[in-house]
Amino acid sequence: MPSAISERFEEVRQRITRAAEASRRDPEAVTLIAVGKTFPAEVVQQAVTAGALDLGENRVQEAVAKKPHIAGARWHLIGPLQRNKARAALEVFDVVHTVDRTEIADRLQFLLGEHWPGRKLPVLVEINIGLEPQKAGALPEEAGELLGHVLGCDRLDVRGLMAIPPWADEAEASRPHFKNLRELRDRLQDQSGAPLPELSMGMSHDFEIAIAEGATMVRVGTAIFGPRG
């Protein structure tokens, strides 16, 4: 008998398919990242068993504790990265979505060179798309400068942009922020000449809107794992 998590995971995948097809996009072009924040490893493993290939965590230490007990997934850091947690992050995560300042890019670059000389880390540049003072991320007008710096770090494989729009009860309120991130990505791509194929945007309450606006990665927790305690 399928678990509640496997049923919800499959429902989310079907919603992604419908949203992509409604926008004349290939559903396979959208990566579903199952976000297991606060849930124990055995619960997150149920999502992997159901077919989750990508897992997201907000906190480095939580991923350090869980990863040894979960097999067969790619791990994404989707929360803020502190400089003193960079080495631990590199030991656990396959992709970092939250390069939000030059200091973090430089630290990752240094550690990769020192300890993982053959490795190139996929990263995304985090943008504070809603101009919220309490949130991490480069302001849109600073994004070009930060992107240029990160592109100069040869151990980092810059894949695109990531953002968390301001919270709103209505999913539709996120649309202008998603549109702004996509348009910013397009401008930066033109200005830098670097391909930036990924847009990490959209969560449980608004991922269908994000897909309509071009998301290639959606970060879904509650819709898969249920409400957090």
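User: Which helix gives the most to the lining of the second largest pocket?
Analyst: H1, with 4 residues. This is a predicted model, where local features need pLDDT of at least 70, side-chain atom pairs need 80 or more, and totals for chains, interfaces and linings use all residues. Numbering starts from 1 along each chain as written, and side-chain values use heavy atoms, with hydrogens and water left out.

User: Which elements each supply at least two residues there?
Analyst: Helix H1 (4-22) and strand E1 (31-35) (DSSP runs of at least four residues for helices, at least two for strands).

User: And which residues lie nearest the centre of that pocket?
Analyst: Arg-13, Glu-28, Val-30, Thr-31 and Leu-32, out of 14 lining residues (an atom within 4 Å of a pocket point). The space in this second largest pocket is about 330 Å³.

User: OK, how much space lies in the largest pocket?
Analyst: About 400 Å³. The lining has 21 residues, and Lys-37, Asn-58, Ile-78, Ile-164 and Met-203 are the closest to the centre.

User: Switching topic: at what angle do H5 and H6 pack?
Analyst: About 10 degrees, with the axes (lines fitted to C-alpha atoms) 10 Å apart. H5 covers residues 102-115 and H6 covers 143-151. The two helices are therefore roughly parallel (under 35 degrees).

User: Which residues meet there?
Analyst: From H5, Thr-102, Ala-105 and Asp-106; from H6, Leu-146, His-149 and Val-150 (heavy atoms within 4.5 Å).

Notes
Axes are lines fitted to C-alpha atoms, for helices over the stretch in contact, and angles run from 0 to 180 degrees between N-to-C directions. Angles under 35 degrees count as roughly parallel, over 145 as roughly antiparallel, 65 to 115 as roughly perpendicular and the rest as oblique. On a 1 Å grid over the protein atoms alone, a cavity is a set of points where a 1.4 Å probe fits but cannot get out, and a pocket is an open set with protein on both sides within 12 Å along at least five of seven lines; lining residues have an atom within 4 Å of a point. Grid points are joined across faces, edges and corners, and a volume is the space filled by probe spheres set on the points.
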